[in-house]
Amino acid sequence: MRAEWDSVLEKVLLQPDHSSLTVLFELLLTEEERSAVAGRLKVFQMLLQGEMSQRQIAHEYQISIATITRCSNYLKHMTTEQRTAIKQLIMS
C-alpha cells in the first residue's frame, strides 16, 4: 500500500495552486473525510499550543475525545526534535 500513498503525495505536490488542490482533494476524499483531516490538524495545533484542555478542544471544535486522545498520545511519544519539527510544519 505504501507505493500507492507515495503516488497520492506526488499528485498533491504537482498541483500548481490552491484551486487545483481543492479539486484533487474533492475527488479523493469525501466531505466527511476532509472534515476529519481538518479536525485532526486543528487538534494537533491546539494541543501543541497547550492553552486548552482536551475537553475544551472537544467542546469548542466539536471533535471527539477519542480523536483528541489519539493525537495527544501520538505527541507524547515524539522526541523533542520531532515535536519541534511538527510545530514548524503546522503552526505557521
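Student: Fine. What should I know about the source before we start?

Tutor: This is a predicted model, so local features need pLDDT of at least 70 and side-chain atom pairs count only at pLDDT 80 or more, while totals for chains, interfaces and linings use all residues. Residues are numbered from 1 along each chain as its sequence is written, and side-chain values use heavy atoms, with hydrogens and water left out.

Student: How many helices and strands does the chain have?

Tutor: The chain has 6 helices and 0 strands, and its pattern along the sequence reads α-α-α-α-α-α. Helices (H or I, at least four residues) and strands (E, at least two) are DSSP runs, numbered from the N terminus.

Student: And what does the C-alpha trace span?

Tutor: Along its principal axes, the C-alpha trace spans about 35 × 30 × 25 Å.

Student: How much of the chain is buried?

Tutor: Of the 92 residues, 20% count as buried. Buried means under 20% relative accessible area, exposed over 50%, and partly exposed in between (1.4 Å probe, protein chains only).

Student: OK, the core. Which residues have the most contacts inside the largest nonpolar core?

Tutor: Those are V43, F44, L47, I57, I68, C71 and L75, in a core of 13 residues. A nonpolar core is a set of buried Ala, Val, Leu, Ile, Met, Phe, Trp, Tyr and Cys residues joined through side-chain atoms within 4.5 Å.

Student: Which elements give residues to this core?

Tutor: α3 (31-49), α4 (54-61) and α5 (65-76) each give two or more. α3 gives the most, with 5 residues.

Student: Pick one of those residues. What is V43 in contact with?

Tutor: Leaving aside neighbours within four places in sequence, V43 is in contact with I57, I63, I68 and C71.

Student: Next, how do α3 and α4 pack?

Tutor: Their axes are 11 Å apart, at an angle of about 140°. Axes are lines fitted to C-alpha atoms, for helices over the stretch in contact, and angles run from 0 to 180 degrees between N-to-C directions. α3 and α4 are therefore oblique to each other. Angles under 35 degrees count as roughly parallel, over 145 as roughly antiparallel, 65 to 115 as roughly perpendicular and the rest as oblique.

Student: Which residues meet there?

Tutor: K42, V43, M46 and L47 in α3 meet Q54, I57 and Y61 in α4. By class, that contact has 5 nonpolar, 1 polar and 1 charged residues. Ala, Val, Leu, Ile, Met, Phe, Trp, Tyr, Cys and Pro count as nonpolar, Asp, Glu, Lys and Arg as charged, and the others, Gly among them, as polar.

Student: And how do the axes of α4 and α5 cross?

Tutor: They come within 9 Å and cross at roughly 130°, which makes α4 oblique to α5. In this pair, Q54, R55, I57 and A58 in α4 meet I65, I68, T69 and S72 in α5. The contact divides into 4 nonpolar, 3 polar and 1 charged residues.

Student: Where does α6 come in?

Tutor: Helix α6 (residues 80-90) and α3 have axes that come within 11 Å and cross at roughly 120°. α3 and α6 are therefore oblique to each other. L41, F44, Q45 and L48 in α3 meet R83, I86, K87 and I90 in α6, giving 5 nonpolar, 1 polar and 2 charged residues by class.

Student: Last one: where is Y74?

Tutor: Y74 is in helix α5 and is exposed, at 52% relative accessible area. Y74 and F44 are 30 residues apart in sequence and 9.5 Å apart in space, C-alpha to C-alpha.

Key: Contact means heavy atoms within 4.5 Å.
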